[in-house]
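Subject: A structure for you to explore

Hi there,

Here is the structure I promised to send you. Have a look at it first, then read on for what turned up in it.

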Amino acid sequence: MAISQAICTAFKKQLLDGDADFDTGGDKFKLALYQSTANLSASATAYTASGESTDTGSGDYTAGGKELTGQQTSVATLTAIVDFADLSFTGVTLTARGALIYNTSSAVTNAAVAVLDFGGDKTSTAGDYFASQSINVEEFHPEPFGMLDFSPVGGIIAILGVFFVALIG
């Protein structure tokens, strides 16, 4: 079994069919947590209880997860973005490897939207479990190369070039 992060293929078709409304007050979306035994990937079509995490304490995680709220849509650098408010499960004792975002308002019952892979098991013991997958492309600033960053390689190539022209030329 494996969890592979992806936008679900069935969801892409639902977008083309107009069966997804991310505006505030539109469709209702939920996030369910899953153990490493779950089989979730781009081929997921709907919410499933198979492999779902269970709260062994007295926290507020129940089967099916929790509703995502506060969604806002935007576009940045040719990428469409939907941003939900951070989600917290309080007082829970559970382990999760990933999550499934699904649409409870879709024409397809509990239609899968996206699979999130946490990259490893995340555990909470009688504490709060936060689910936040935020990557802000506007805050990503790669460092430019400096003028002399490639000088060791360039110097060697220049010296070899001079020898080549002088000897074979």
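This is a predicted model: local features need pLDDT of at least 70, side-chain atom pairs count only at pLDDT 80 or more; totals for chains, interfaces and linings use all residues.

**Arg97 and its salt bridge**

Which side chain does Arg97 meet in a salt bridge? The partner is Asp117, with an N to O distance of 2.9 Å. This pair links distant parts of the chain, since Arg97 sits in strand E6 (residues 87–103) and Asp117 in strand E7 (residues 111–131), 20 residues apart.

Between E6 and E7 there is a loop, and Asn110 lies in it. Most residues other than glycine have a negative phi. Asn110 is not a glycine, yet its phi is positive, near 50°. With a relative accessible area of 25%, Asn110 is partly exposed.

**The other salt bridges**

How many salt bridges does a search of the whole structure find? It finds three. Besides the pair of Asp117 and Arg97, there is a salt bridge between the side chains of Asp60 and Lys66, at 2.7 Å from N to O. Both of these residues are partly exposed: Asp60 has a relative accessible area of 29%, and Lys66 has a relative accessibility of 24%.

Asp17 and Lys13 also join their side chains in a salt bridge, at 2.6 Å from N to O. Is Asp17 buried or exposed? Asp17 counts as exposed, because its relative accessibility is 51% and the cut-off for exposed is over 50%.

**The chain as a whole**

Now let's step back. The chain has two helices and seven strands. Read from the N terminus on, the elements follow the order β-α-β-β-β-β-β-β-α. There are 169 residues in the chain, and buried residues make up 30% of them. The chain exposes about 10,600 Å², and carbon and sulfur atoms supply 59% of that area.

Take the contacts between residues at least 6 apart in sequence: 69% of them join residues at least 24 apart.

**Lys28, seen in sequence and in space**

You will find Lys28 in the loop between helix H1 (9–16) and strand E2 (29–34). In sequence, Lys28 and Ser106 are 78 residues apart, but in space their C-alpha atoms are 8.5 Å apart.

Which residues is Lys28 in contact with, leaving aside its neighbours within four places in sequence? They are Glu67, Tyr102, Asn103, Thr104 and Ser105. Lys28 itself is partly exposed, with a relative accessible area of 38%.

**A hairpin to trace**

Together E4 and E5 form a hairpin, with two residues between them. Thr77 is in the turn and has a positive phi of about 50°. Across the pair, Ala76 stands opposite Thr79 in E5.

**Aromatic rings**

How many aromatic pairs does a search of the whole structure find? The search finds five. One of them is the pair of Tyr61 and Phe89, whose ring centres are 4.9 Å apart. Their planes are at 70°, so this pair is edge-to-face. Tyr61 lies in the loop between E2 and strand E3 (66–68), while Phe89 lies in strand E6, so the pair ties together parts that are 28 residues apart in sequence.

Are these two residues buried or exposed? Tyr61 is buried, with a relative accessible area of 5%. Phe89 is buried too, with a relative accessible area of 0%. Both values fall under 20%, so they meet the cut-off for buried.

There is also an aromatic cluster to look for, formed by Phe11, Phe22, Phe29 and Phe84.

Note on methods. Residues are numbered from 1 along each chain as its sequence is written. Side-chain values use heavy atoms; hydrogens and water are left out. Helices (H or I, at least four residues) and strands (E, at least two) are DSSP runs, numbered from the N terminus. Buried means under 20% relative accessible area, exposed over 50%, partly exposed in between (1.4 Å probe, protein chains only). Contact means heavy atoms within 4.5 Å. Two strands pair if DSSP finds at least two bridges between them. A salt bridge is a side-chain nitrogen of Lys or Arg within 4 Å of a carboxyl oxygen of Asp or Glu. Rings of Phe, Tyr and Trp (its six-membered ring) pair if their centres lie within 6.5 Å; planes under 30 degrees apart count as stacked, over 60 as edge-to-face and the rest as tilted. Accessible areas come from the Shrake-Rupley method with a 1.4 Å probe; for residues, only the protein chains shown count as cover.
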